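Subject: Structure handover

Hello,

Here is the structure I promised to pass on. Please open it alongside this note.

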Amino acid sequence: MANNMVRTTGLRTVKDDQTWRYGEQLSGTVSVTLDMDVFQAITKADRDKYFTGYTDDATDFYIKSGLPLARITSGASAGLYGPYNPSATDGRKEAVAGLLESNIHVLVTAGGWVVDDTQMVGMRFRGNVIVENLPGAAVTDAVWNGDFVAVDPDTGVTKRLPNEKKTGN
């Protein structure tokens, strides 16, 4: 009986959904460093919102473009960036610092998740966006750093996204 080595390769399609962009985007990006430990700690229920191509046995996948990022302001990761989270205790609930400019390839290694090539990624700090199409946590009540305008593509109505907390009255 022959022992045949069988190898299979899977083919998967990873979609770069950029429906969050409205119109031509002018310059307005900076390089930031992601804290991959924060991404790895995302609940299983939220992974479909943040990632594309992710499965429990994936060796690589992508973080979705347009993901609202926030600056970590406390702990060992202070100064790095993770997904905006209104429930976070590390500073990521304070404001949306910007949006992930493009899909980011992540490799799953024995040491944890790493961004392919570098942890530094492009973050958009200005632009016209369709807020409903942004991946991740709801940002309707968020404070936004930078210069962002929400556009309703059906009506053309625009609204500058708030860059300070609303005060109750």
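A residue counts as exposed when its relative accessible area is over 50%, as buried under 20%, and as partly exposed in between. Keep those cut-offs in mind for what follows. One caution as well: this is a predicted model.

**Overall**

The protein has 169 residues, and 40% of them count as buried. Its secondary structure comes to two helices and 12 strands. From the N terminus, the order is β-α-α-β-β-β-β-β-β-β-β-β-β-β. Take the contacts between residues at least 6 apart in sequence: 61% of these join residues at least 24 apart. The protein exposes about 10100 Å². Carbon and sulfur atoms supply 48% of that area.

**Salt bridges**

The whole structure holds six salt bridges.

K44 pairs with D56, and their closest N and O atoms are 3.1 Å apart. K44 sits in the loop between α1 (36-40) and α2 (47-50), while D56 sits in the loop between β2 (51-52) and β3 (60-63), so the bridge ties together parts 12 residues apart in sequence. Are these two partners buried or exposed? D56 has a relative accessible area of 60%, which is over 50%, so D56 is exposed. K44 is exposed too, at 58%.

K49 and D46 form another salt bridge, at 3.2 Å from N to O. K49 is partly exposed, with a relative accessible area of 41%. D46 is also partly exposed, at 23%.

R124 and E101 make a salt bridge at 2.9 Å, N to O. This pair links distant parts of the chain, 23 residues apart. R124 belongs to strand β9 (residues 120-124). E101 lies in the loop between β6 (98-100) and β7 (104-109). R124 is buried, with a relative accessible area of 3%. Shared partners join R21, E101 and R124 into one salt-bridge network.

R21 is found in the segment before β1 (29-33). R21 is buried, at 18% relative accessible area. Its side chain makes a polar contact of 2.6 Å with the side chain of Q18. Which residues does R21 contact, leaving aside neighbours within four places in sequence? They are E101, R124, N128 and I130.

T19 lies in that segment before β1 as well. T19 is partly exposed, at 41% relative accessibility. The side chain of T19 makes a polar contact with the side chain of D17, at 2.8 Å. Neighbours within four places aside, T19 contacts I130 and N133. T19 and E132 are 113 residues apart along the chain, yet their C-alpha atoms are separated by 9.4 Å.

**Nonpolar cores**

In soluble globular proteins, nonpolar side chains tend to be buried together. In this model, the largest nonpolar core has 21 residues. Those with the most contacts inside it are L34, M36, F39, F51, I63, L69 and W113. At least two core residues come from each of α1, β3, β7, β8 (112-115) and β9.

Not counting residues up to four places away in sequence, L69 touches V32, L34, F39, G82, P83, Y84, A95, V96, A97, G98, L100 and M123.

Another core lies apart from the largest one. That other core has 14 residues, including V129, L134, A150 and L161.

**Strand β11**

How many of the five residues in strand β11 (residues 147-151) are buried? Four are, which leaves the strand mostly covered.

β11 has these pairings:

- With strand β10 (residues 126-129), β11 pairs in the parallel sense over four bridges. R126 has D147 as its bridge partner in β11.
- With strand β12 (residues 158-160), β11 pairs in the antiparallel sense over three bridges. V149 has R160 as its bridge partner in β12.

β11 and β12 form a hairpin, with six residues between them. G156, in the turn, has a positive phi of about 80 degrees.

Over to you.

Best wishes

Notes
Residues numbered from 1 in each chain as written. Predicted model: local features only at pLDDT ≥ 70, side-chain atom pairs only at ≥ 80, totals over all residues. Heavy atoms only, no water. Salt bridge = Lys/Arg side-chain N within 4 Å of Asp/Glu carboxyl O. Buried < 20%, exposed > 50% of the residue type's maximum accessible area, 1.4 Å probe, protein only. Polar contact = N/O pair within 3.5 Å; in protein donor to acceptor, adjacent residues only side chain to side chain. Contact = heavy atoms within 4.5 Å. Core = buried A, V, L, I, M, F, W, Y, C linked by side-chain atoms within 4.5 Å. Areas by Shrake-Rupley, 256 points an atom, 1.4 Å probe, with all protein chains shown as cover. Pairing = 2+ DSSP bridges.
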